[in-house]
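Please work through each task with the model at hand before reading its solution.

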Amino acid sequence: MELGRTGLQGIVTLTSAALILVFAGIVGLVTGARSERQLQEEIGRSLKEAAFQMAERLDTDMWARSNHVSVLARVSAMRDWAVAQTVVNELKATDHTLAWVGVTDRQGRVMASSGGVLLGADLSGRPVFQNGIRGHFVGDVHDAVLLARLLPNPTGEAMKFVDVSTPLKDESGETVGVLATHFSWAWAREVRDILLAPMRQRQGVDLFIIGADGVVLLGPDSTLGTAAALTSVDLARAERARGGLAGWTVERWGDGRDYLTGYAASPGHGGYPGLGWTVLARQPVDVAFAGARALRWEILGWGAGGALLFSVLAWAAAGRIVRPVRAIAGAAARLRRGEPGVEIPEVRGAWELTEMSRALRGMVATLTDTRHALARMEDMAYQDRLTGLPNRRFFDQYVEGLATRTGGQPYAVLYLDLDGFKPVNDTLGHPAGDAVLRQVAARLAAALRAEDVVARLGGDEFVVILNSHGTGEPLPPLGAITARLIATVNEPLVIQGQVVRVGCSIGVAVGPAETGSDRGAAVQTVLDRADSALYAAKRAGRNRAVTHEDGYDAAPTRIREEA
């Protein structure tokens, strides 16, 4: 009998421990997987944005340099070699990215040069002269051995240059010489360092510039000059061919590691078409997901501790449970042996049943409290802690059921991104930036209907979904809504006693009224279009709304500005 009692306690104890461990394992796996998916999306978007900003900044800078040289060449004083000498010296002194600037005559002889470097030299055989004498020229990154020997080089690194040259013409339009410049490639490193500064807390993030020939122009020293045979380069070029901006993917690089990789092809700027560069921003997958995987092990650790604690409690509880059963079993054994006067003891059934019901109710209450706690944790997981709005996790799940929720009726997706938010963080600090985000979130929620959905995706990105919730009512005027949201966000904010202003760029896409089996695919298409429209609003000057105007199957795509 003692063995039977001990066996029952052991079964209860081991079962309790096993259930808790299984539960902790399932929660750990599910939570880790969801965290990795969410991190992958968030980091992929940030790397895509970094790559696009780098590509846009490079082309903008090159466009500015190209225009500067072109305008300077039209100044008549540049045909006076003595005056030109003064001008090039001053130009070199005011632009630290300008490695060398000079003026040649029609035959290619240097008549004026910054610092007197190459003065009197014959450049007629150099590409910078040969291309510049024929017309305005912007060259790709290259070495210049002769010039590198003559210029100061405090770092000792290999010097690379980007050429811009243009013909000098007299009043009659006759070419009399060439204005030639060599810009130091070091400016690209400066741009890279500036863009990487906000991402310093992320380990392993690198930015690459890939030339039109597929060779690495900028990146870690070990990669310079090597061929970049990467899928992301092909995707970036294909994206540009389609008129897109940027994207991200997960791929294996030449070192055998998997990286989250954001990509963007050179978009050009103004009349400058760009040099066919591709910018990549990457982070190792194992580094990016380290936090999610640590969370998974932490949950498993807590589960093991909980299993040990509940095993002790289960052992004690099992002893109390078997005690009345043992009394009854003892009496039954004595009866089986034929002992006289033995009765099945009255175990005070009502009392025992009451105690059992109390124990069961306590267990149920404990389980209920656990479920409520888990429900509260789930609610917190769907809420952005800073603003109180729904977060990206909520948005992702909401979107999964959006096609069914709308009942095939039209709906609208608005992607919002704050303009001028980064300077607030830089000048007033992150607490001030957090205060701006909270106030903007409150304004957005107040400016929308109760049935509309507004969520914070992360950083200064928000999303709004407008739909009729199956009532059949038409969507409200999107132009009026976007204008109201932009005006609301643009209202002054008082942060730390200072008046702060931020703007708002909005990308809008409308989901069609359809009931086919591809509703889920249509929803993703609308999200992608709203995202593309947001980037179009950014390119168009920010603080405005741009709407993706065509339907689900319409082609080609058209973009319309709202305000």
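This is a predicted model: local features need pLDDT of at least 70, side-chain atom pairs count only at pLDDT 80 or more; totals for chains, interfaces and linings use all residues.

**Exercise 1. Confidence along the chain**

Determine which contacts the stretch of residues 550–563 has in number, beyond near neighbours in sequence.

*Solution.* Begin with the chain as a whole: the average pLDDT is 78, and 72% of the residues score at least 70. Next, take residues 550–563, where the pLDDT is below 50; beyond near neighbours in sequence, 33 contacts occur in the model. Residues 1–5 also have a pLDDT below 50, with five contacts beyond near neighbours in sequence.

**Exercise 2. A strand pair**

*Solution.* Within the pair, Thr249 stands opposite Thr261 of E9. Finally, inspect the connection: E8 and E9 form a hairpin with five residues between them, and Gly256 in the turn has a positive phi of about 85 degrees.

**Exercise 3. Helix H10**

Identify the buried residues of helix H10 and explain why they lie on the same side.

*Solution.* Taking buried as under 20% relative accessible area, the buried residues of H10 (residues 392–400) are Arg392, Phe395, Tyr398 and Val399. These cover an arc of only 120 degrees around the axis, and therefore lie on the same side of H10. At the start of the helix, a side-chain oxygen of Asn391 comes within 3.2 Å of the backbone nitrogen of Arg393.

Notes:
Residues are numbered from 1 along each chain as its sequence is written. Side-chain values use heavy atoms; hydrogens and water are left out. Buried means under 20% relative accessible area, exposed over 50%, partly exposed in between (1.4 Å probe, protein chains only). Helices (H or I, at least four residues) and strands (E, at least two) are DSSP runs, numbered from the N terminus. The arc is that of the directions from the helix axis to the C-beta atoms. A polar contact is a pair of N or O atoms within 3.5 Å; within protein, one must be able to donate a hydrogen and the other to accept it, and residues adjacent in sequence count only if both atoms are side-chain atoms. pLDDT is the predictor's confidence in each residue, from 0 to 100. Contact means heavy atoms within 4.5 Å. Two strands pair if DSSP finds at least two bridges between them.
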